[in-house]
Amino acid sequence: MTKILIIEDDTSFAQMLQKFLARNSYDVVLSHTGLDGEKQLKEHDFQLVITDLRLPDYDGIKLVSNLKGEIPVIVMTGYAEVSTAVKAMKMGAYDYISKPFTPDQMLLVIDGALNSKPVVSREPVYSKEKVEGAKEATTSQELILTSEATQKLEEHIVLVAPTDMSVLIIGESGTGKEVTAKAIHQKSTRNEKPYIALDCGAIPKELAASEFFGHIKGSFTGAVADKVGSFEAANGGTLFLDEVGNLSYENQIQLLRALQERKIKRIGSNSEIQVDVRILSATNEDLKAAVEKGTFREDLYHRLNEFSLQIPALKNRHGDLSVLASHFLSKFNEKLNKQIVDFSAEVWDIFNAYHWPGNIRELQNVIQRAVLLSTTDKVEAKVLPSELMSPVLETVELGSLSKADFEKEQIVNALKRTNYNKSKAAKLLQVTRKTLYNRINYYDLDL
Ligand SMILES: Nc1ncnc2c1ncn2[C@@H]1O[C@H](COP(=O)(O)OP(=O)(O)OP(=O)(O)O)[C@@H](O)[C@H]1O
């Protein structure tokens, strides 16, 4: 029986969830504090953790980061906490679910998490042995790029894919860096060889070398059997290093050496193994700035970045939004056995006005939830999560210049949505009319 740990300080809600999941054949252990949750994790083997993000004695994000991707984690968030949820996902959480949610939504997210790939995906997605499966994987992971903002990106993918150049894929969380990496592999001459993905953000630094290069039994405490590292597993094919900016300095040196010499040694072994691997990597932080700050090695940066692809945030690719939304609508219609034909005009307006901090992943989650909850043949606004309805000015520090563009966009969107009625726009933004006027003057918005 699958064992799940729920960490939630609201005891009656936690018990309700426990009963529901027990009826669905899950073995659930409850913890009402972060510290007790940690204790339970030490004492039992869980296949999944579901945790509230705000615990009185503990920060859910810290818990996610401590687990380092060893067990999938789903975070439960309250109203308008998407940005924190996105942060949790960057730290390695599998997914988030916004309260209030229906039991069926929870089952869907649990199902996804339990079937998610482990930190190191050993599955050669497009290997020779899996030609049959490869087609399936391609359709389910279809890369949609249709807007002007992504036209160049598509051209660049087509040009760089057949080469052996290492590609650095840059973009916010959920913009599609991993699907882009898979698409490059698929369009390359290595597409019948393995594709291995390694999440550098989720491996503890002491284990990174063993993940990269493998080890032999007994070479360190915990090395209970021989292990093939990602370089060897990807030999002849492609190695995708996700969140590469999170590698420790020491791990950066080890990686650089392997890339320069094209040879590796398993930990504890003296024999060198020749490897032929194409490296794709991804980052959601500014690696150039990390180089300037001295936290990321410049030589490694240039090795990884023979070519770079910048994936725009969803809010900057509105031409793609409608195509992506329709794509996810048919995907979830099929998955959930529904026949919803479209979104209402109001829903389209909301989609277009929203800033999508979780990018395409968030859009996909919103549509999955909407398809599940819809009872008519059109998705209506009432089945959308509440955070989409109210722009999140309150999470933006007013006056912070780094957030200026975002804030300007929020103001313009709110005004458009209220037909330029400043009182209504101020209400929507949850600021006073006076603040709104001040911000309009401050930004010199021509309205
Ligand atoms: N262009 C796209 N077309 C279709 N689906 C997409 C596209 N981009 C992303 N997706 C979907 O959105 C989800 C998130 O994509 P992906 O995991 O590639 O993002 P990411 O940028 O690697 O995120 P993270 O930085 O959090 O790892 C996936 O389910 C993916 O299939």
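**Ligand site.** I looked up where the ligand lies: domain 2 (135–310) and domain 3 (314–384) both give residues to the shell around it, so the ligand lies between them. The domain bounds come from an automatic or database domain assignment. The model is predicted; local features need pLDDT of at least 70, side-chain atom pairs count only at pLDDT 80 or more, and totals for chains, interfaces and linings use all residues. Residues are numbered from 1 along each chain as its sequence is written.

I then listed the shell, taking a residue as near if its C-beta atom, placed from the backbone, lies within 6 Å of the molecule. Of 20 residues around the ligand, Ile 144, Ser 173, Gly 176, Lys 177 and Glu 178 come nearest. The elements that give two or more residues to this shell are α8 (177–186) and α16 (359–373); helices (H or I, at least four residues) and strands (E, at least two) are DSSP runs, numbered from the N terminus.

**Chain.** I noted 19 helices and 19 strands. Of the 447 residues, 40% are buried, that is, with 20 or more other C-beta atoms within 10 Å of their own, C-beta atoms being placed from the backbone.

**Sheet.** I traced an open sheet of five strands with parallel pairing, in the order β2-β1-β3-β6-β7; strands pair if DSSP finds at least two bridges between them. β2 (27–31) and β7 (95–98) stand at the edges, each with a single partner strand, so one side of each is left without a neighbour in the sheet. Within the sheet, β1 (residues 3–7) and β3 (residues 48–52) pair over four bridges, and Ile 4 stands opposite Leu 48 in β3.

Note on methods. Buried ≥ 20, exposed ≤ 12 C-beta atoms within 10 Å, placed from the backbone.
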